[in-house]
Amino acid sequence: MKKSIKGQAFITSADLEFEATEEGVKRKILAYDDALMMVAVHFEKGAVGTIHSHMHRQISYVESGRFEVIIDGNKKILEKGDSFLVGPELLHGVVALENGVLIDVFTPSRKDFL
């Protein structure tokens, strides 16, 4: 069973586990409470974050790599240091153009990730 980190002030990444989500994609919930969640998502080159939507607001930061990002039909190539904002219910997804990591922040928390 996963160790709960809900609401903890200090969290050590080494104590957290990755969860495989799609082929070449794995995520690790870094911190969360009911209102906010931060997740690290690791992508292998060519991996796809399938087009989807959800009721949450999302901000994603490109920690490393290059990604083709699509939001509401608009595509853009983003790389290390760039970020993107996804409003509620907008269709969005990514393709990893090289190995990389996205840091996703959601509000409210993604209960479906727990």
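User: Is Phe106 buried or exposed?

Analyst: Buried means under 20% relative accessible area, exposed over 50%, and partly exposed in between (1.4 Å probe, protein chains only). Phe106 has a relative accessible area of 2%, so Phe106 is buried. The model is predicted: local features need pLDDT of at least 70, side-chain atom pairs count only at pLDDT 80 or more, and totals for chains, interfaces and linings use all residues. Residues are numbered from 1 along each chain as its sequence is written, and side-chain values use heavy atoms, leaving out hydrogens and water.

User: Which residues does Phe106 touch, not counting residues up to four places away in sequence?

Analyst: Contact means heavy atoms within 4.5 Å. On that basis Phe106 touches Ala35, Leu36, Met37, Val39, His54, His56, Arg57, Gln58 and Phe113.

User: Why is Ser64 classed as partly exposed?

Analyst: Ser64 is classed so because its relative accessible area is 25%. With residues up to four places away in sequence set aside, Ser64 touches Lys80, Asn99, Gly100 and Val101.

User: What is the nearest side chain of opposite charge to Lys28?

Analyst: Lys and Arg count as positive, Asp and Glu as negative; His and the chain ends are not counted. A salt bridge requires a side-chain nitrogen of Lys or Arg within 4 Å of a carboxyl oxygen of Asp or Glu. For Lys28 the nearest such side chain is Asp15, 9.2 Å away; Lys28 is buried yet has no salt bridge.

User: Which residues is Lys28 in contact with, leaving aside its neighbours within four places in sequence?

Analyst: They are Ser13, Leu16, Glu17, Phe18, Met38, Val39 and Ala40.
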